[in-house]
Amino acid sequence: MLLSGSEIVMECLLREGVDVMFGYPGGAILPTYDAMTKYPQIHHVLVRHEQGASHMADGYARATGKVGVCIATSGPGATNLVTGLATAMMDSVPVVAITGQVPRPAIGTDAFQETDVTGVTLPVTKHNYLVSDIHELAYTIKEAFHVARSGRQGPVLIDIPKDIQNEKIDFVYPEYDVVLPGYQPNLVADAEDVAAACRLINEAERPLILAGHGILMSGATTQLRELAERGQIPVTLTLLGKGGLPEDHPLSLGMMGMHGTATSNNAIQNADLLIALGMRFDDRVTGNLKTYAPNAKKIHVDIDPSELNKNVKVDVGIAGDLRTVIDQLLPGVEAGAHQAWMGQIREWQEDCDERDILKTYNGEGMLAAQVINDLWHHTGGEALTVTDVGQHQMIEAQYYPHRRPSTMLTSGGLGTMGFGFPAAIGAKFGKPEEEVWAIVGDGGFQMTMCELATAVQERINVNIAIINNGFLGMVRQWQEMFYEERYHATPMVSPDFCKLAEAFGIPAMRVTNREQVAESVEFARSVDGPVLIEYVVQKEDIVYPMVPTGADLDKMIRRPKPGEVQTV
Amino acid sequence: MSENKQTVVALVENKPGVLNRVASLFRRRNYNVDSLTVGRTHKAHVSRMTIVIDVERNDVRQIVENLKKLVNVIDVKYLSNEPHISRDLALVKVRTENADAYNHVTEVCERYPARIVDMGHEVTIVEVTASSAVVETVIDQLRPIGIVEMVRTGVVAMGRGTRIQDTQYEPVNVRGDQSNGSNGVLI
Ligand SMILES: Cc1ncc(C[n+]2csc(CCOP(=O)(O)OP(=O)(O)O)c2C)c(N)n1
């Protein structure tokens, strides 16, 4: 069949199971946009800024586990994707980005809208391609999807010169498998390492599981639960690991790290064995590496061998897919009890309970924690939430416990403000049956709020909860704690969000007291399409506990108990 | 090679941009390499990189694991722990305006695997091909005579005897002219 390069692109996307892509047209990608008209099976979502397209593809991928696809033109279109690619790279999310490039003869001449896109995106993609021959096009797309979704997943970019999009060849789809000589996505655990890990687990008196994003990416939630229950091993989660174990499970200690629960951090520092599963000992979860988990032996399982011994030296390192590796571990793990250890953990939990702001606060105005906890309550804890970055993100992690995997999406590694709202749109496309809430700050929302128009055009049913504290809250918190309260460039003037929504034709509601939260959820549910709710919260709240950058993990600044005075 | 150096050999696909990927990796991960050389092998689609790494400033295992993650890298091996041959080449231009200096140069060439490859009225070019350490020594010997220009290739290395580092990999023929089963077509 004689097909143009653009038609080949569409044929290949169909064969990869793509049903939606997020993008923005322009000169160098126009042939492919024209070809789209012949392929109505693939829905194209017109974004308002290419950054939005990359976050939507990312949100779609995180929610579904499938590859998310975004598409943009050369030059500025492609460079606008970069933040989203870097975000996906840091969190190992499978995204394929397609960009138009100037025609081959023009490459290197500083042609109109020419950018060396493979050069620019090299460090923020798992791999990228500049297609130089139409005969390579189909195979390259096939390889790109394979690379994006295998091993440690990640974003892949394909840059396609315009003349290749226009050129025609007799097209035969490459049915054969992708051959990548040195690429080993599926490593198999060494039996000896598995045995050594089991020995450590069975001998431990104070074991602790640290579960990360890998649990979700590998689909190993059942295995994790079995391991924890069999050995009676408490579990703490990373931010991206949320939902890996239901947070109402008796063995769940909540999140670890800078704003994790004091229980988790104390447990890490007092454990005699850490079992790290699909997490990477990021500095936000370890604090001071020199004093990290000083009494613990360490087992680390990760699909990426380069993560082993990168930040924390481990006693047993196993490279492999978690689901398989835990299945290999399980037969060797004896039933455990660890009563004394669990007793100590319960004591820490009681102390946390006493300090819980939900129980101690009697000030004026709503707290973000109250709003988010009420949202949890009124959505039955079953919403798919997508956060932006800042205080509200950490508060969502603390006060919206999730029971199911991939129901809390957030930019962890890169901490990209502006991620939340577009990623929520992408998630809703992937999971239309879920109740999707974008929980965003007044700052971050303004970075990508142009996508309101996209949401309207697509009539996509996303609920936007703006936690408005009138500040770049998290930065304000740092200024209060570490810069002697010099609040420079953090007080923020915002538009009237409800009127803004109205201008886009989006129903909106402003909530200023707690009694209205239930009503706001009902209101959101009554609207078929996007809806915006602004929660006006206490301006100068602080997220506790906090491990200051580089401090020992258990040297947290705690929220004072009632009657206690804060000592910072 | 001194004990605080590791030699790593990587077979990579001979495609545009591969050297860029490796260089970008080193930059991004803040690795310091002493030398990196790239050249062809007996197979047109495979290039070979020899990378010399200072083990005191780098975690070599990390470098190797990260190299393996690059999609175009076919195979990576450590050479330092095995018997191997390593060679560095230097061209050194020395000022030899008087007979003394010239005699000094010929003396050095007699004692070391070095030879004079160009001789003029004012300057002489010495070529030395040897292990890095020997190249280093020769340069040190020539330095007092007066070096005016110098270039080194960086180290290339190969395991001794039957320690063969090669790949069976053949690239897919995307044009699909001659069919070759499920793995596509071999060029
Ligand atoms: C793109 C980007 N720029 C800057 C930052 C640094 N930063 C982290 S949190 C934060 C404040 C976020 O404020 P807001 O969106 O209002 O959320 P809040 O913390 O108040 O909940 C900033 C500026 C970032 N993470 N991302």
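Which residue has a backbone N or O atom that lies 2.8 Å from an oxygen atom of the ligand? That residue is Gln391(A). This is a predicted model, in which local features need pLDDT of at least 70 and side-chain atom pairs count only at pLDDT 80 or more, whereas totals for chains, interfaces and linings use all residues. Residues are numbered from 1 along each chain as its sequence is written, chains are lettered from A and ligands numbered from 1 in the order in which they are written, and side-chain values use heavy atoms, with hydrogens and water left out.

**Ligand surroundings**

- The ligand is surrounded by 17 residues, and the closest are Gln391(A), His392(A), Gly415(A), Gly444(A) and Gly473(A); a residue is near a molecule if one of its heavy atoms lies within 4 Å of it.
- A side-chain N or O atom of Asp442(A) is 2.9 Å from an oxygen atom of the ligand.
- A polar backbone atom of Gly443(A) is 2.9 Å from an oxygen atom of the ligand.
- Taken alone, the ligand exposes 590 Å², of which the protein buries 76%; accessible areas come from the Shrake-Rupley method with a 1.4 Å probe.
- Two or more residues of the shell come from each of α18 (391-399), α20 (442-448) and α22 (473-482) of chain A, and α20(A) gives the most, with four residues. Helices (H or I, at least four residues) and strands (E, at least two) are DSSP runs, numbered from the N terminus.
- By class, the shell holds seven nonpolar, nine polar and one charged residues. Ala, Val, Leu, Ile, Met, Phe, Trp, Tyr, Cys and Pro count as nonpolar, Asp, Glu, Lys and Arg as charged, and the others, Gly among them, as polar.

**Interface between chain B and chain A**

- In this interface, 25 residues of chain B are in contact (heavy atoms within 4.5 Å) with 25 residues of chain A.
- The two chains bury about 2200 Å² between them, 57% of it on carbon and sulfur atoms; buried area is the accessible area (1.4 Å probe) that two parts lose on being put together, summed over both.
- On the chain B side, Arg21(B), Val71(B) and Val174(B) lose the most area to chain A, together 28% of what that side buries.
- One salt bridge is counted between the chains, and the side chains of Lys69(B) and Asp304(A) meet in a salt bridge at 2.6 Å, N to O. A salt bridge is a side-chain nitrogen of Lys or Arg within 4 Å of a carboxyl oxygen of Asp or Glu.
- Each of α1 (18-28), α2 (60-69) and β4 (73-78) of chain B supplies at least two residues of the side that touches chain A, and α2(B) gives the most, with six residues.
- That side of chain B divides into six nonpolar, nine polar and ten charged residues.

**Salt bridges and backbone features**

- Over all chains, the whole structure has 46 salt bridges.
- The side chains of Asp351(A) and Arg355(A) meet in a salt bridge at 3.2 Å, N to O. These residues are separated by about one helical turn because they are four residues apart in helix α15 (residues 339-355) of chain A.
- Most residues other than glycine have a negative phi, and most peptide bonds are trans.
- Asp110(A), although not a glycine, has a positive phi of about 55°; Asp110(A) lies in the loop between β5 (95-101) and α6 (117-121) of chain A.
- Tyr544(A) and Pro545(A) are joined by a cis peptide bond with omega about -10°, and Pro545(A) lies in the segment after β20 (531-536) of chain A.

Methods. A polar contact is a pair of N or O atoms within 3.5 Å; within protein, one must be able to donate a hydrogen and the other to accept it, and residues adjacent in sequence count only if both atoms are side-chain atoms.
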